[in-house]
Amino acid sequence: MYTQAMDTPDPQQSALKGVPAAGTNALQRDFDARIDADRKIEPQDWMPEPYRKTLVRQISQHAHSEIIGMQPEGNWISRAPSLKRKAILLAKVQDEGGHGLYLYSAAETPGVSRHALLDALHAGKAKYSSIFNYPTLTWADVGVVGWLVDGAAIMNQVPICRCSYGPYARAMIRICKEESFHQRQGFENLMTMMKGTTAQREMVQDAVDRWYWPVLAMFGPPDADSPNSAQGMRWGIKRI
């Protein structure tokens, strides 16, 4: 997701230390066997309650990020420099809305309502990627969001295509394909500006300077320092 790092644990550290051992009952053993065999867990399958809660938290946070992420770029639809750029940006923002809907649908499958997810977002109880709190001050920011922000998102999201939870993994395959288009259009937008006037090149450099460090922060802390990564990797929610 936008805020999920993909650093692999240091083999010299016990990254999985403290992770609960496999259960002793038959359902838990079957669940663990499916995870160990890289098989998918489907909504009708039994799953431990902590696994279900982790899925709801992660998928809903991802969905919220897609919806909130429409806003900084959507602000430029009416101010795009040409009809071509407006059409491209409209398609991109529409894609992001679709990603949010895919993910809300996936988040509902473990047994939570979409109304509950949205209520948590509106009440400030649910998180979304903080990268979308930064303003898009110029048209160059739109290109940088596509090139760098979506590029970082792809790096974080590709491992989720192999997620142990079937609905999430299947949604991510399509999302990653569309994000690749978004990343490419951002690059092409900036390349066009860099071939333009001195003022346009300075605008691009200013946007890159402002977004560079926030984009790096999207990769988060090392997994060994994360309270959730070790268990998530044990369950196969994130597979490198």
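Tutor: The account below begins with the chain and then turns to the core. This is a predicted model, in which local features need pLDDT of at least 70, side-chain atom pairs count only at pLDDT 80 or more, and totals for chains, interfaces and linings use all residues. Residues are numbered from 1 along each chain as its sequence is written, and side-chain values use heavy atoms, with hydrogens and water left out.

The protein chain has nine helices and zero strands; helices (H or I, at least four residues) and strands (E, at least two) are DSSP runs, numbered from the N terminus. Of its 240 residues, 48% count as buried, that is, under 20% relative accessible area (1.4 Å probe, protein chains only).

A nonpolar core is a set of buried Ala, Val, Leu, Ile, Met, Phe, Trp, Tyr and Cys residues joined through side-chain atoms within 4.5 Å. The largest one has 26 residues, and Tyr 51, Ile 59, Tyr 165 and Tyr 168 have the most contacts inside it. At least two residues of this core come from each of α1 (26-36), α2 (49-68), α4 (83-108), α5 (114-122) and α7 (166-194). Leaving aside residues up to four places away in sequence, Ile 59 touches Leu 103, Ala 106, Ala 107, Tyr 165 and Tyr 168, where contact means heavy atoms within 4.5 Å. In soluble globular proteins, nonpolar side chains tend to be buried together. Trp 213, by contrast, lies in helix α8 (residues 198-217) and is exposed, with a relative accessible area of 60%, the cut-off for exposed being over 50%.
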